[in-house]
Amino acid sequence: MRSNVKKEEELYPPMCTWLKSYLKDKYKKQECRITVIDCHLLYLDSVLEKYGVINYFPQTVGLKIQIDVLGIVEWKDDAKIFFIEAKKNNLTLQNLGQLLIYCRLCNPEEAYLLSSKGVGALEKVFVNLRREDILDFGVGRVIKKINIAKWDVTRNTVSQLSRIPKL
């Protein structure tokens, strides 16, 4: 039984599969196109341009943001984006800070910070200090939260028991 990966890049394909399945289930009753991409080597704005949805996210142009896994849900006249940042080590405040800034600048529909090793030092912040408020991002009255969890490399899915915030 495998407990972790050697390279972070090994996490991207199963995370793409998981996100695609999650989005198909979430939007199954809607007529939309779902695209999930491992784009860790590309800038977000160039990926959004390639898939024809950059007009919905003009704030991303020129930011040089690289997201590990990107989900795009596109309707006739709208689109939403979903971020996954993957780590093979325990999560740190630096990892969270990076994703939080990306979320505040780009306003994805959902964002995930996933580690195949575990939540690490962030557990103290959320469990002991009870500071889930630092996961907040969004515009106006719509406040969203970054989802943090351990990635189960054996089952290739999010470990719901480790998830912060709890569902």
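Trp18, Tyr22, Tyr112 and Trp151 come together as one aromatic cluster. The model is a predicted one, with local features needing pLDDT of at least 70 and side-chain atom pairs counting only at pLDDT 80 or more, while totals for chains, interfaces and linings use all residues. Residues are numbered from 1 along each chain as its sequence is written, and side-chain values use heavy atoms, leaving out hydrogens and water.

Across the whole structure, a search turns up six aromatic pairs. Here, rings of Phe, Tyr and Trp (its six-membered ring) pair if their centres lie within 6.5 Å; planes under 30 degrees apart count as stacked, over 60 as edge-to-face, and the rest as tilted. Take tryptophan 18 and tryptophan 151: their ring centres sit 6.3 Å apart with the planes at 85 degrees, so this pair is edge-to-face. It ties together distant parts of the chain, with tryptophan 18 in helix 1 (residues 12-26) and tryptophan 151 in strand 7 (residues 147-152), 133 residues apart. Helices (H or I, at least four residues) and strands (E, at least two) are DSSP runs, numbered from the N terminus. Tryptophan 18 and tryptophan 151 are both buried, where buried means under 20% relative accessible area, exposed over 50%, and partly exposed in between (1.4 Å probe, protein chains only).

Tyrosine 22 and tyrosine 112 make another edge-to-face pair, at 6.3 Å centre to centre and 80 degrees between the planes. Distant parts of the chain are linked here too: tyrosine 22 belongs to helix 1 and tyrosine 112 to strand 4 (residues 110-115), 90 residues apart. As for cover, tyrosine 22 is partly exposed because its relative accessible area is 25%, whereas tyrosine 112, at 1%, counts as buried.

Strand 4 leads on to its partner, strand 3. Strand 3 (residues 79-87) is mostly covered, with eight of its nine residues buried. On one count, strand 3 runs antiparallel to strand 2 (residues 69-74), and six bridges join the two; strands are said to pair if DSSP finds at least two bridges between them. Valine 69 faces isoleucine 84 of strand 3, and strands 2 and 3 form a hairpin with four residues between them.

With strand 4, strand 3 pairs in the parallel sense, over six bridges. Alanine 86 stands opposite leucine 114 of strand 4. Strand 3, helix 3 (residues 93-106) and strand 4 together make a right-handed β-α-β unit; right-handed means that, with the strands pointing away from the viewer, the path from the first strand over the helix to the second runs clockwise.
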